[in-house]
Amino acid sequence: QVQLVESGGGLVQAGGSLRLSCAASGPIDVYAMAWFRQAPGKEREFVASILSNEGLTDYEDSLKDRFTISRDNAKRTMVLEMNRLKPEDTATYYCAAGFRYGTTPNLYPYWGQGTQVTVSS
């Protein structure tokens, strides 16, 4: 079992950038990893995912031009670079890890506590 801790959230103006990090308590090379987000009153939604060895990535279509996911297995970290942020990106962002790769939350048994991202207009 792995524990995940997100960091890097905060308040940013529209058009700005943030870099979210996810630090794991143990090795992550066996896991597919992903970012999800959840806005108040909405369901948790897929943001991006990344496989381990191949580095294969997947993005929610509307985010792929602004967000970049990466991972460093040696450092046990995953990063989400977010650019040209919009107010609608405001949400709690969660990192997740699992043995299966996909876009639905139930594929990932391990979750962080979330980090808040607020984008002001």
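Residues are numbered from 1 along each chain as its sequence is written, and side-chain values use heavy atoms, with hydrogens and water left out. Because the model is predicted, local features need pLDDT of at least 70 and side-chain atom pairs count only at pLDDT 80 or more, while totals for chains, interfaces and linings use all residues.

A search of the whole structure gave one disulfide. A disulfide is defined as a pair of cysteine sulfur atoms within 2.5 Å. The partners are C22 and C95, with sulfur atoms 2.1 Å apart. The link of C22 and C95 is right-handed, with 55° about the S-S bond. C22 belongs to strand 3 (residues 18-24) and C95 to strand 9 (residues 91-98), so the pair ties together parts that are 73 residues apart in sequence. Strands (E, at least two residues) and helices (H or I, at least four) are DSSP runs, numbered from the N terminus. Both C22 and C95 are buried. Buried means under 20% relative accessible area, exposed means over 50%, and partly exposed lies in between (1.4 Å probe, protein chains only).

Charged side chains come next. Side chains of opposite charge can pair when their charged atoms come close. A salt bridge is counted when a side-chain nitrogen of Lys or Arg is within 4 Å of a carboxyl oxygen of Asp or Glu. The whole structure holds five salt bridges. One of them joins R19 and E81, at 2.8 Å from N to O. R19 is in strand 3 and E81 in strand 8 (residues 77-82), so this pair links distant parts of the chain, 62 residues apart. R19 is partly exposed, at 47% relative accessibility. E81 is also partly exposed, with a relative accessible area of 29%.

The side chains of E45 and R37 meet at 2.5 Å, N to O. R37 also meets D89, at 2.9 Å, N to O. R37 lies in strand 4 (residues 32-38) and D89 in the loop between strand 8 and strand 9, so the pair ties together parts that are 52 residues apart in sequence. Salt bridges with shared partners join R37, E45, R66 and D89 into one network. E45 is partly exposed, at 35% relative accessibility. R37 is buried, with a relative accessible area of 8%. D89 is buried, with a relative accessible area of 1%.

The surroundings of D89 were also listed. Contact means heavy atoms within 4.5 Å. Leaving out residues up to four places away in sequence, D89 touches R37, L63, R66, F67, V117 and V119.

Aromatic rings form another set of links. A pair of aromatic rings is described by the distance of the centres and the angle of the planes. Rings of Phe, Tyr and Trp (its six-membered ring) pair if their centres lie within 6.5 Å; planes under 30 degrees apart count as stacked, over 60 as edge-to-face and the rest as tilted. The count comes to six aromatic pairs. For Y31 and Y110, the ring centres are 5.7 Å apart and the planes stand at 80°, so the pair is edge-to-face. Y31 is in the loop between strand 3 and strand 4, and Y110 is in strand 10 (residues 110-111), so the pair links distant parts of the chain, 79 residues apart. Both Y31 and Y110 are buried. Y94 and W111 also form an edge-to-face pair, at 6.4 Å centre to centre and 75° between the planes. Y94 in strand 9 and W111 in strand 10 are 17 residues apart. Y94 is buried, with a relative accessible area of 13%. W111 is partly exposed, at 25% relative accessibility. Ring pairs link F36, F46, Y94, Y108 and W111 into a cluster.

A charge sits over a ring if NZ of Lys or CZ of Arg is within 6 Å of the ring centre and within 35 degrees of the ring normal. R44 lies over the face of Y94, 3.8 Å from the ring centre. The charged end of R44 also sits over the ring of W111, 4.8 Å from its centre.
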